[in-house]
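This report covers the ligand site and the pockets of one protein model. The sequence and structure come first, followed by notes on each topic.

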Amino acid sequence: PSITRGVTVEIPKVSWEDIGGLKDLKKKLQQAVEWPLKHSAAFSRLGVSPLRGILLHGPPGCSKTTLAKAAAHAAQASFFSLSGAELYSMYVGEGEALLRNTFRRARLAAPSIIFFDEADVVAAKRGGSSSSNIAVGERLLSTLLTEMDGLEQVKGILVLAATNRPHAIDAALMRPGRFDLVLYVPPPDLEARHEILRVHTRDMKLGNDVDLRQIAEDSELFTGAELEGLCREAGIVALREDISATVVCNRHFLTVRDSLKPALTIEEID
Ligand code: ATP
């Protein structure tokens, strides 16, 4: 991938199958992303205006970024990634310039997806912040609004934004023609946890006694990111026990499971 400060571009390699659970959500995204990007000519033939923005919200570590990448992979779209926090921390004018520049490059590389992580940092409700830096946020937000409105004339660009704090997003971004689709990405349920464990043990050598279903049952409130960590750690525990080990056994998973406490609490789940 080519990298300039604050933005990376590539067609991601992650596919839908790399994401456990979220069957309906994946289908919705697939339609919302692949169709307009792949068939933009058909949309304009019928005079149907495609979606320009999708907001993904939900707790950290539950695959918002991975979903955006899988969508780009499926549509074979260039993937431009921006972080709200990073834009916010730049020198005066630099963040706006990077935003404009990213949209310009995305137009040239279309079909493109611009992924905007921690969107609430930039798109926070105007007047809602107590910081002395409100002006920075407001200038970034108005640049973003201008660029999104400009997409009306452009085909094959979609903005996907992610946030853990959807209520903090400025209402101006939620108007028609901006973030038209809002999708909640929930923490994984039992079935999803089982699938996530399968995804992240795909390339591991597992002992016959490993019971991923039981581990999924015993890992309520774990996020996808935590389950991924659990699998990796189990492998490390096995190696620490015996550096010539040939398989990872159930007890290694259990050791790690017992040592972890999920960061999410029931109250945080919408
Ligand atoms: P944040 O809000 O912190 O940016 P996020 O919701 O964007 O988090 P990701 O960055 O997509 O989460 O996920 C973090 C890691 O967890 C990834 O490496 C991904 O492989 C893994 N992961 C999360 N959810 C799943 C899932 N459903 N299936 C497989 N892996 C997952």
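Predicted model: local features only at pLDDT ≥ 70, side-chain atom pairs only at ≥ 80, totals over all residues.

## Residues around the ligand

Residues are numbered from 1 along each chain as its sequence is written, and side-chain values use heavy atoms, with hydrogens and water left out.

## Polar contacts and cover

Polar contacts are pairs of N or O atoms within 3.5 Å. A polar side-chain atom of T66 lies 2.5 Å from an oxygen atom of the ligand. Backbone N or O atoms also take part: one of C62 is 3.2 Å from a ligand oxygen, and one of A225 is 3.3 Å from a ligand oxygen.

On its own the ligand has 630 Å² of accessible area, and the protein covers 78% of this (Shrake-Rupley method, 1.4 Å probe). Helices (H or I, at least four residues) and strands (E, at least two) are DSSP runs, numbered from the N terminus.

## The largest pocket

The ligand takes up the space of the largest pocket. A pocket is an open set of points on a 1 Å grid over the protein atoms alone, where a 1.4 Å probe fits, with protein on both sides within 12 Å along at least five of seven lines; lining residues have an atom within 4 Å of a point. The largest pocket has a volume of about 480 Å³, the space filled by probe spheres set on the points.

Its lining has 28 residues, and D18, T66, H200, G224 and E228 lie nearest the centre. Two or more lining residues come from each of α3, α8 and α10. The lining divides into 13 nonpolar, 8 polar and 7 charged residues.

## The second largest pocket

The second largest pocket holds about 250 Å³ of space. It is lined by 18 residues, with P50, L151, E152, V154 and K155 closest to its centre. The elements giving two or more residues to this lining are α1 (23-38), α2 (40-46) and β6 (157-163); the largest share, 3 residues, comes from α2. By type, the lining has 10 nonpolar, 5 polar and 3 charged residues.

Note on methods: Polar contact = N/O pair within 3.5 Å; in protein donor to acceptor, adjacent residues only side chain to side chain. Sits in = over half its atoms within 2 Å of the grid points. Nonpolar A, V, L, I, M, F, W, Y, C, P; charged D, E, K, R; others polar.
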